[in-house]
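Good morning, and thank you for making time for this presentation. Please keep the sequence and the structure in view while I go through the model.

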Amino acid sequence: MYSSRKRLGIHFGIFLFIFSGIVNALEISDVVGEGQIRYLKNRPDPSSYTYESKVTISKASLESGVVEIQTCHKQLDPIRKVVILFNKDRIKDIQVRSLDGIAMAEVRNNQVILSEVQKGGSICIDLQSRALDSLGNGIYQLNAGPLMRRLFDGFLPMSANMKFAWPNQLFAVEETKPASQDGVRIQHSQDGLEMDLVFAGRMTAQIVLKRTQ
């Protein structure tokens with residue numbers, strides 16, 4: 001069992017610290033340094049940590065900036081203690097929906113504290129976040145991240161599936177960061193967008209939306 005901490009940062013992101021004993025399947029070349037990000041066509045450790053989220057924007061979100069978020073952290077590394085830290089100025093109504101392979105999960109103010117996480121453990125957390133910013137003239141920006149899986153001074157590969165939903169034809173997508181490329185797959189629909197990412201580094205995503213109704 002390894003002693004480690006995981007932190008969840010601004011908007012809805014993950015900040016995951018692990019130790020070298022967990023990453024035997026990886027090579028030194030798989031680790032990227034601070035200030036770098038590498039998008040990967042194939043993940044070198046496909047059975048390891050995965051982040052999933054679904055963000056729901058309502059018409060009320062246009063005024064408040066508050067969105068509903070469902071998150072899941074899956075295939076966790078064995079960790080004695082995990083602190084998932086949320087931005088207290090943006091996050092509210094944190095609720096643990098489910099957990100598996102984790103002895104205890106405690107919500108304390110803007111934190112979720114996990115104890116005795118087993119290899120392959122998972123937790124799903126629901127919350128609200130003020131993550132939708134109005135840029136004026138019917139333009140909005142949705143912010144996601146930062147997401148990262150950290151090893152000492154470097155970052156290990158991770159995958160993320162992020163779904164974004166809104167009322168049918170409420171928005172047109174103007175821009176996504178990152179854009180489609182190896183390691184970034186984006187699917188559009190009239191009522192949402194889905195991003196599948198494989199990367200190593202500190203990743204922050206933005207989706208620029210234009211209101212059409």
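This is a predicted model: local features need pLDDT of at least 70, side-chain atom pairs count only at pLDDT 80 or more; totals for chains, interfaces and linings use all residues.

I begin with Arg 43, which is buried, with a relative accessible area of 13%. Buried here means under 20% relative accessible area, exposed means over 50%, and partly exposed lies in between, with a 1.4 Å probe and protein chains only. The residue is found in the loop between β4 and β5. Strands (E, at least two residues) and helices (H or I, at least four) are DSSP runs, numbered from the N terminus.

Residues are numbered from 1 along each chain as its sequence is written, and side-chain values use heavy atoms, with hydrogens and water left out.

What does the side chain of Arg 43 reach at 2.7 Å? It reaches the backbone oxygen of Tyr 49. The side chain of Arg 43 also makes a polar contact with the side chain of Ser 159, at 2.9 Å. A polar contact is a pair of N or O atoms within 3.5 Å; within protein, one must be able to donate a hydrogen and the other to accept it, and residues adjacent in sequence count only if both atoms are side-chain atoms. Leaving aside neighbours within four places in sequence, Arg 43 is in contact (heavy atoms within 4.5 Å) with residues including Arg 149, Pro 157, Met 158 and Val 198.

The C-alpha atoms of Arg 38 and Val 198 are separated by 8.7 Å, although the two residues are 160 apart along the chain. Arg 38 is partly exposed, with a relative accessible area of 34%.

I turn now to strand β16, residues 192-201, which is mostly covered: nine of its 10 residues are buried. Which strands pair with β16? Two strands pair if DSSP finds at least two bridges between them. Strand β4, residues 37-39, runs antiparallel to β16 and is joined to it by three bridges, with Ile 37 opposite Gly 201. Strand β13, residues 157-165, pairs with β16 in the antiparallel sense over nine bridges; there, Phe 164 has Leu 193 as its bridge partner. Strand β15, residues 184-189, is antiparallel to β16 over six bridges, and Ile 186 has Met 195 as its bridge partner. β15 and β16 form a hairpin, with two residues between them.

Another set of pairings involves β6, residues 66-76. Seven bridges join β6 to the antiparallel strand β5, residues 50-56, and Thr 56 stands opposite Glu 68. β6 also pairs with β9, residues 111-130, in the antiparallel sense over nine bridges, with Val 66 opposite Arg 130.

Next, the aromatic residues. The structure holds three aromatic pairs. Rings of Phe, Tyr and Trp (its six-membered ring) pair if their centres lie within 6.5 Å; planes under 30 degrees apart count as stacked, over 60 as edge-to-face and the rest as tilted. The rings of Tyr 39 and Phe 199 have centres 6.4 Å apart and planes at 55°, so this pair is tilted. It links distant parts of the chain, with Tyr 39 in β4 and Phe 199 in β16, 160 residues apart. Phe 199 is buried, with a relative accessible area of 0%. The rings of Tyr 140 and Phe 171 have centres 5.9 Å apart and planes at 65°, so this pair is edge-to-face. Tyr 140 lies in strand β11 and Phe 171 in strand β14, 31 residues apart. Tyr 140 is buried at 8% relative accessible area, and Phe 171 counts as buried at 6%. Ring pairs link Tyr 140, Trp 166 and Phe 171 into a cluster.

Finally, the whole protein. There are one helix and 17 strands, and buried residues make up 49% of the 213 residues. Among contacts with a separation of 6 or more, 74% are between residues 24 or more positions apart.

As for confidence, pLDDT, the predictor's confidence in each residue from 0 to 100, averages 85, and 86% of the residues score at least 70. It stays under 50 over residues 1-14, for which the model has 81 contacts beyond four places in sequence. Residues 17-21 also stay under 50, with 20 such contacts.
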